[in-house]
Amino acid sequence: MEVQEMKQAFADAYGKQATAVYFSPGRVNLIGEHTDYNGGSVFPCALSFGTYLLLAPNGTQLMRFKSLNMPEVVEVPLDKLTEPLPGKSWVNYPMGCMAWYVRQGHTFDQGLDILIWGNVPAGAGLSSSAALEVVAAFAANDYLGLKYNHTDFAKIGQLAEHEFAGVNCGIMDQFASSWGKKDHAIHLNCDTLEFEHVPVKLEGIKVVIANTHSPHHLDSGAYNDRVAQCRLALDQLRKVRPELKNLAELTEAEFKQIEGAITDPVAHKRARHVVGEVQRTADAVKALKAGDIATFGQLMNASHVSLRDDYEVTGLQLDTMAAEAWKVPGVLGSRMTGGGFGGCTVSLVKDEVIEQFKQQVGENYERITGIKPEFYVAEISDGARRLE
Ligand code: GLA
């Protein structure tokens, strides 16, 4: 849908023109999975699809939320903005971000009419919710005439996810949505929030996303379980290394020396993944900077194996998609991306085999899982911004 059509839809819904249009993208993570809430680094990039938000002040004491992906208009009184709506309402994501401003003491002088439209494939694990949070945080800052920055928008979005959606996520998705840069990935240290935009210059190679169409259920509790298991591993390691702040601080050699302190076998596997993934991410960024895409691809494959065996967040669909990709000559690397339990894989594929990749992986995946997948060639794009 073009912005012009969204503006028409806004006028149809609210009987007036929108005064501003904003956009924030979804993301794909190239490597560095389940490291963010362990103080590790990640390497995501923003995509060309994302969430649009149009607004206009309405002269009432109500925030009105309408999504073109949903039938109803949801009205929230301004003095109730800080109270999450019951159930799993999508409105909690943008509202949770606006609530942050209210809690900081900023005031909406009147309500806003808000229209949302998103084209991140639903349930694909490409961060449609982060895109919605960050676009709302960005728009509220702009409407209120404040000076918060892109890092703040990411933090505001993450907090909304914790408090209004009940997912104890790290900051990767919101950060990527906020700080995305065309043709660059973001090498982010999730402990310090220092980051670097690294050019993704892949001569003759594309980033291909394969949607398993097996929805990921980030709020199913399995994600929060992983966060808790890492916490347990950290607590046990602190018995021998009291000053340890995050799992990600440990090198693989250091981990080997003290891993015996983790008595819970599940927590032990989770920690082993995190420590290995942090090293792989550092090595992958180094390889990319050196133009060594073959090494980058091998590290992606190793990342998938670790997420499959130690972190246990893959499953038949993601494992089949990755394994079928590994069989195609001209695929440099392939792995699950995002939280897992369904969603998408990300692969580096040579231009000349992209059609073969889609066909061969698609057919084999469908034969094995009974699900028809979908493929997108990623366009790495800019982060949150005002369009009009
Ligand atoms: C989800 C979370 C992120 C991150 C990834 C796994 O996308 O929202 O914070 O933990 O899973 O890397």
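Helices (H or I, at least four residues) and strands (E, at least two) are DSSP runs here, numbered from the N terminus. What you have open is a predicted model, where local features need pLDDT of at least 70, side-chain atom pairs count only at pLDDT 80 or more, and totals for chains, interfaces and linings use all residues. Residues are numbered from 1 along each chain as its sequence is written, and side-chain values use heavy atoms, with hydrogens and water left out.

**Stop 1: Ser306**

Select residues 293-309 to bring up helix α9, then pick out Ser306 within α9. Is Ser306 buried or exposed? Ser306 has a relative accessibility of 11%, so it counts as buried; buried means under 20% relative accessible area, exposed over 50%, and partly exposed in between (1.4 Å probe, protein chains only).

Now show the surroundings of Ser306. Setting aside neighbours within four places in sequence, Ser306 is in contact with His273, Arg280 and Tyr311, where contact means heavy atoms within 4.5 Å. With His273 there is also a polar contact, side chain to side chain, at 2.7 Å. A polar contact is a pair of N or O atoms within 3.5 Å; within protein, one must be able to donate a hydrogen and the other to accept it, and residues adjacent in sequence count only if both atoms are side-chain atoms.

**Stop 2**

Click Arg335 and you will find its bridge partner in β11, Val346.

Gln359 is a residue of α11; with 52% relative accessibility, Gln359 counts as exposed.

**Stop 2: the ligand**

Center on the ligand. Around the ligand you will see Arg27, Glu33, His34, Asp36, Tyr37, Cys169, Gly170, Met172, Asp173, Tyr223, Gly338 and Gly339, each with a heavy atom within 4 Å of it. Oxygen atoms of the ligand lie 2.5 Å from an N or O atom in the side chain of Asp36, 2.6 Å from one in the side chain of Asp173, and 3.1 Å from a polar side-chain atom of Arg27. The protein covers 98% of the 310 Å² of accessible area that the ligand has on its own (Shrake-Rupley method, 1.4 Å probe; for residues, only the protein chains shown count as cover).

His34 has a phi near 60 degrees, a positive value in a residue other than glycine, and is buried at 4% relative accessibility.

**Stop 3: β2, β7 and β8**

Follow the chain to β2 (residues 41-42), which two bridges join, antiparallel, to β7 (residues 184-189). Val42 has Leu188 as its bridge partner in β7, and Leu188 in turn has Phe195 as its partner in β8. Five bridges join β7 to β8 (residues 195-199), again antiparallel. The two form a hairpin with five residues between them, and Leu193 in the turn has a positive phi of about 65 degrees.

**Stop 4: Gln236**

Finish in helix α6 (residues 222-237), where Gln236 lies. At 12% relative accessibility, Gln236 counts as buried. A polar atom of the Gln236 side chain lies 2.7 Å from the backbone nitrogen of Thr263. Beyond residues up to four places away in sequence, Gln236 touches Ala261, Ile262, Thr263 and Asp264.

Methods:
Two strands pair if DSSP finds at least two bridges between them.
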